[in-house]
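The sequence and model come first.

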Amino acid sequence: MRVSSALGPAARLWLMLVFAFLYLPIALVIVYSFNESRLVTVWSGFSLKWWHALFANEAMLEAAWLSLR
């Protein structure tokens, strides 16, 4: 038996809202990480500037590797 068939419409809606609450902010951070502007409210074009800055920052890379280990 599939889990989704056991859930009623209200439970499915609640589940979708919970997942949106959890994952939508993460998706927005990823999308805005490609924004060239320093301001989140102003989209000034696609850029990899912030990703370059992240990979150039040794302290951030060390922290990421420590977290992965």
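## Surface, rings and contacts

Leu 24 is found in helix α2. Helices here are DSSP runs (H or I, at least four residues), numbered from the N terminus. The model is predicted: local features need pLDDT of at least 70, side-chain atom pairs count only at pLDDT 80 or more, and totals for chains, interfaces and linings use all residues. Residues are numbered from 1 along each chain as its sequence is written, and side-chain values use heavy atoms, with hydrogens and water left out.

The chain averages a pLDDT (the predictor's confidence in each residue, from 0 to 100) of 90, and 93% of the residues score at least 70.

The largest share, four residues, comes from α2.

Five aromatic pairs are found in a search of the whole structure. Ring centres must lie within 6.5 Å, with the six-membered ring used for Trp; planes under 30 degrees apart count as stacked, over 60 as edge-to-face and the rest as tilted. The pair of Tyr 32 and Trp 43 is edge-to-face, because the ring centres are 5.9 Å apart and the planes stand at 70 degrees. Tyr 32 lies in helix α2 and Trp 43 in the loop between α2 and α3, so this pair ties together parts 11 residues apart in sequence. One aromatic cluster is formed by Phe 34, Phe 46, Trp 51 and Phe 55.

| Residue | Relative accessible area | Class |
|---|---|---|
| Tyr 32 | 35% | partly exposed |
| Ser 33 | 17% | buried |
| Val 42 | 38% | partly exposed |
| Trp 43 | 46% | partly exposed |
| Ser 47 | 12% | buried |

Val 42 lies in the loop between α2 and α3. Its C-alpha atom is separated by 9.9 Å from that of Tyr 32, 10 residues apart along the chain.

Ser 33 is found in the loop between α2 and α3, and its side chain reaches the backbone oxygen of Ile 30 at 2.6 Å. Ser 47 is found in the loop between α2 and α3; a polar atom of the Ser 47 side chain lies 2.9 Å from the backbone nitrogen of Lys 49.

Asn 57 caps the N-terminal end of α4, with a side-chain oxygen 3.1 Å from the backbone nitrogen of Ala 59. Helix α4 is hardly covered: among its 11 residues, the count of buried residues is zero.

Conventions: Helices (H or I, at least four residues) and strands (E, at least two) are DSSP runs, numbered from the N terminus. Buried means under 20% relative accessible area, exposed over 50%, partly exposed in between (1.4 Å probe, protein chains only). A polar contact is a pair of N or O atoms within 3.5 Å; within protein, one must be able to donate a hydrogen and the other to accept it, and residues adjacent in sequence count only if both atoms are side-chain atoms.
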